[in-house]
Amino acid sequence: MKTLYLVRHAKSSWEFNIDDHQRPLNERGYKDSEKVGLHLATLKLPIDQVWSSDANRAKTTATIVTTLMGIEDELITMDSKLYDFTGNNVVDAIKNCDNTIQHLMVFGHNHAFTTIANQLGSLEIDNVPAAGVVAIQFDVEQWKDISKGETMFTVVPKGLK
C-alpha cells in the first residue's frame, strides 16, 4: 500500500518584481500554511519522506507545515524537478520513488497538482486551492505501478478554523 499526499503551496505574493521562482508567501499564505499544518498534525499521519519544489513559496509552505507536523528535517528534500506546472515531472519523480517509502508527501504547484489529483485519485477536483491537500492511497507495492488510487481526503484551508 502506498500513500501520496499532494500539498499545493500557499498563497504567494505578487508584490515584488522578482523571478517567479523567488516569489514569497503573502500574509494569507503564512496563515493558511499554519492552519493546514496544525490540522494535519491532529491527523497524526505517518510520513516517510517529504519532497518539495525548490521554489521559495513551496519551500516555505513545506517548512511551516512539516514543522507543525513534527516531521524531522532529514526526511525533507528540495528538488528543482518539482518546479513543474504540467505534472509530468512530478509523476515521473513519484513513480521513481524508493519502494521502501510507503507514505510520501509532495509540495508543489498548480496546475500540476490538480491534474495529478484527477489523474491518480478517485474524486474529480476542479481546483486544488492554495495550501490545499489531496491524499491518495494506492493498492500497490511499487511506486512505478501507481495508476488510479482512492482519494482518502482533501483539506481546504478555507474550511479550517
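Predicted model: local features only at pLDDT ≥ 70, side-chain atom pairs only at ≥ 80, totals over all residues.

**Entry 1: helix H2.** In H2, I found Arg57, Ala58, Thr60, Thr61, Ala62, Ile64, Val65, Thr66 and Met69 buried. What do the buried residues of H2 pack against? My list came out as S1, H1, strand S2 (49-53), S3 and S4.

I then checked the length of H2. Its 14 residues should span 20 Å at 1.5 Å a residue, and the end C-alpha atoms are 20 Å apart, so the two agree. Just after H2 comes Gly70, where I noted a positive phi of about 75 degrees.

**Entry 2: H1 against H2.** Next I looked up how H1 meets H2. The axes of helix H1 (residues 27-43) and helix H2 (residues 56-69) come within 8 Å, crossing at roughly 35 degrees. The crossing of H1 past H2 is right-handed. From H1, the contact uses Tyr30, Ser33, Glu34, Val36, Gly37, Leu38, Leu40 and Ala41. H2 contributes Thr60, Thr61, Ile64, Val65, Leu68 and Met69. I sorted the residues of this contact by kind and got nine nonpolar, four polar and one charged. The spacing along the helices made me recall a general point: an α-helix has 3.6 residues a turn, so residues three or four places apart point the same way.

**Entry 3: the sheet.** In what order do the strands of the open sheet lie? I read S3-S2-S4-S1-S5-S6, six strands with mixed pairing. Strand S3 (76-79) and strand S6 (150-155) are at the edges; each has a single partner strand, so one side of each is left without a neighbour in the sheet. From one strand to the next, the twist averages 20 degrees.

S1 and strand S5 (residues 133-138) run antiparallel and are joined by six bridges. Within S5, Ile136 stands opposite Leu4.

**Entry 4: helices on the sheet.** I followed two helices across the strands. H1 lies across strand S4 (103-108), S5 and S6, and its direction is at about 135 degrees to S6. Helix H4 (residues 112-120) lies across S1, S4 and S5, at about 155 degrees to S1.

**Entry 5: H4 and Ile116.** How many of the nine residues of H4 are buried? I counted seven, so H4 is largely enclosed by the rest of the structure. They are Ala112, Phe113, Thr114, Ile116, Ala117, Asn118 and Leu120. The cover over them includes S1, helix H3 (88-95), S4 and S5.

I stopped at Ile116, which sits in helix H4. Its relative accessible area is 0%, so I logged Ile116 as buried, the cut-off being under 20%. Setting aside neighbours within four places in sequence, Ile116 is in contact with Leu6, Gly87, Val90, Val91 and Gly121. I also took a distance from Ile116 to Ile47: they are 69 residues apart in sequence and 20 Å apart in space, C-alpha to C-alpha.

Entry 6: Asn110 and His111 are joined by a cis peptide bond, with omega about 5 degrees. His111 is placed in the loop between S4 and H4.

Lys44 is in the loop between H1 and S2, while Ala131 is in the loop between H4 and S5. Are these two buried or exposed? Lys44 is exposed, with a relative accessible area of 70%, whereas Ala131 is buried at 1%.

**Entry 7: Ser13.** My last stop was Ser13, in the loop between strand S1 (2-8) and H1. At 7% relative accessibility, I marked Ser13 as buried. Which residues does Ser13 contact, leaving aside neighbours within four places in sequence? I found Arg23, Pro24, Leu25 and Asn26.

Terms used
Residues numbered from 1 in each chain as written. Heavy atoms only, no water. Axes fitted to C-alpha atoms, helices over the stretch in contact; angles between N-to-C directions. Helix = DSSP H or I, 4+ residues; strand = E, 2+ residues; numbered from the N terminus. Left-handed = near helix turned anticlockwise from the far one by under 90°. Contact = heavy atoms within 4.5 Å. Nonpolar A, V, L, I, M, F, W, Y, C, P; charged D, E, K, R; others polar. Buried < 20%, exposed > 50% of the residue type's maximum accessible area, 1.4 Å probe, protein only. Pairing = 2+ DSSP bridges. Expected span 1.5 Å × (residues − 1).
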